[in-house]
Amino acid sequence: METRESSTIRSEVINKAITYIFDHIDDDITVDDVARHCAYSRYHLTRMFKEDTDEALYQFIKRIRLERSAWRLKVEKEKSITQIGEDYGYSSSNFATAFKKHLGVSPASFRKNSEQMVEESSFSHGLTLDDLDKAEKQITVEYLADFTVIYERKRGNYHDLPNAWCEFIDKYRHLADESTTYIECTIDDPSITDENNCMYELCQTVSADNPLVKENPDILTHSVDGGKYAVYHFKGFPKFLYMVYQEIFCRWLSRTGNELDERPIFDVYRDMREDGYMEIDICFPLKSGT
């Protein structure tokens, strides 16, 4: 598959709409709900959304809902297919039909073959889940503080991340200092979402009251909620990252009884070297009761 260059979603209103959808995708939200949240008419928001993302707002909500259900089929092995479908407003038969139309396989087949699909992805680089060390060796459970970031939300192929990072760092270099941390949030799972249509965020920590940020309305910021996280201390090369994520999703969560909550998963860059070696903390938000 040819890698498509990433595009940036620059509109503050459209980013607000997307964040609201991500935060409430497990609820029965509608286009009208999103429009009310953004304080725009349905007509104007849907027109702007289509222009900025090249996808209809209704279709975006439907797609994210189905792809989230697929992710849960892979991760929440103890929950029935019927139950997961019902969580997104589908009857058993309607869920199977909609799921197969979008993903090309039935929910049951997807669940059964999810690990095989992961290992066949271009991001696996020929690795299998069995090739990895058990995640428990690299994970600590930590309580992280809240923080604020400058961010750009992009849509494209994760293979384009190195180029996107170079542009981002150069663009916001004037706001960086010795305390700056770079953070990445890969929102979609490329074993589920079209590889060229994955959404991600590049972030740079910043003081919430930084005057240069306040004076520039084109710079987007948001806060990241702290709390309980499983932190995977990754040391190695980028080609292994995808499979580390998938080991957490496919095996570690069910093996340990932990559950992820609705906060985003993010990577904190600790060290990057010219030969590609990196040290990253991959932060998985955990429900406080697990």
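**Contacts and cores**

Colleague: Which residues is Trp 252 in contact with, leaving aside its neighbours within four places in sequence?

Modeller: Trp 252 is in contact with Ala 135, Glu 136, Ile 139, Ala 230, Glu 247, Asn 258 and Leu 286, once those neighbours are set aside. Contact here means heavy atoms within 4.5 Å.

Colleague: What should I know about the model before we go on?

Modeller: This is a predicted model, in which local features need pLDDT of at least 70, side-chain atom pairs count only at pLDDT 80 or more, and totals for chains, interfaces and linings use all residues. Residues are numbered from 1 along each chain as its sequence is written, and side-chain values use heavy atoms, with hydrogens and water left out.

Colleague: How many residues has the largest nonpolar core, and which have the most contacts inside it?

Modeller: The largest nonpolar core has 56 residues. Those with the most contacts inside this core are Tyr 232, Ile 248, Phe 249, Trp 252, Leu 260, Ile 282 and Phe 284. A nonpolar core is a set of buried Ala, Val, Leu, Ile, Met, Phe, Trp, Tyr and Cys residues joined through side-chain atoms within 4.5 Å. Buried means under 20% relative accessible area, exposed means over 50%, and partly exposed lies in between (1.4 Å probe, protein chains only).

Colleague: And which element gives the largest share of this core?

Modeller: Helix H10 does, with ten residues. Helices (H or I, at least four residues) and strands (E, at least two) are DSSP runs, numbered from the N terminus.

Colleague: What about a second core?

Modeller: A second, separate core of 22 residues includes Ile 25, Val 31, Met 48 and Ile 64.

Colleague: Take Ile 64, then: where does it lie, and is it buried or exposed?

Modeller: Ile 64 lies in helix H4, residues 57-75. Its relative accessibility is 5%, so it counts as buried. Beyond its neighbours within four places in sequence, Ile 64 is in contact with Phe 22, Ile 25 and Asp 188. The C-alpha atoms of Ile 64 and Ile 21 are 8.5 Å apart, although 43 residues separate the two along the chain.

Colleague: What does Trp 71 touch?

Modeller: Trp 71 also lies in helix H4. Not counting residues up to four places away in sequence, Trp 71 touches Asp 189, Ile 192, Phe 249 and Leu 260. Trp 71 counts as buried because its relative accessibility is 17%.

Colleague: Which residues of helix H2 are buried?

Modeller: In H2 (residues 31-38), they are Val 31, Asp 33, Val 34, Ala 35 and Cys 38. These buried residues pack against helix H1 (12-24), helix H3 (42-53) and H4. Ala 39 follows H2 and has a positive phi, near 60°.

Colleague: New topic: why is strand S9 largely enclosed by the rest of the structure?

Modeller: Seven of the eight residues of S9 (residues 278-285) are buried, so the strand is largely enclosed.

Colleague: How many bridges join strand S7 to S9, and how many join strand S8 to S9?

Modeller: Eight bridges join S7 (residues 227-236) to S9, and six join S8 (residues 266-272) to S9. S7 and S9 run antiparallel, as do S8 and S9. Two strands pair if DSSP finds at least two bridges between them. Cys 283 of S9 is the bridge partner of Val 231 and also of Phe 266. The hairpin of S8 and S9 has five residues between the strands, and Gly 276 there takes a positive phi near 100°.

Colleague: How many aromatic pairs are there?

Modeller: The count comes to 19 aromatic pairs. Rings of Phe, Tyr and Trp (its six-membered ring) pair if their centres lie within 6.5 Å; planes under 30 degrees apart count as stacked, over 60 as edge-to-face and the rest as tilted. Trp 165 and Tyr 182 form an edge-to-face pair, 6.0 Å centre to centre with 90° between the planes. This pair links distant parts of the chain, with Trp 165 in helix H8 and Tyr 182 in strand S4, 17 residues apart. Ring pairs join Trp 165, Phe 168, Tyr 172, Tyr 182 and Tyr 269 into a cluster.

Colleague: Lastly, where is Thr 180 found?

Modeller: Thr 180 is in the loop between helix H8 (161-171) and strand S4 (182-186). Thr 180 has a relative accessible area of 16%, so it is buried. A polar atom of its side chain lies 2.8 Å from the backbone nitrogen of Asp 177.

Methods:
A polar contact is a pair of N or O atoms within 3.5 Å; within protein, one must be able to donate a hydrogen and the other to accept it, and residues adjacent in sequence count only if both atoms are side-chain atoms.
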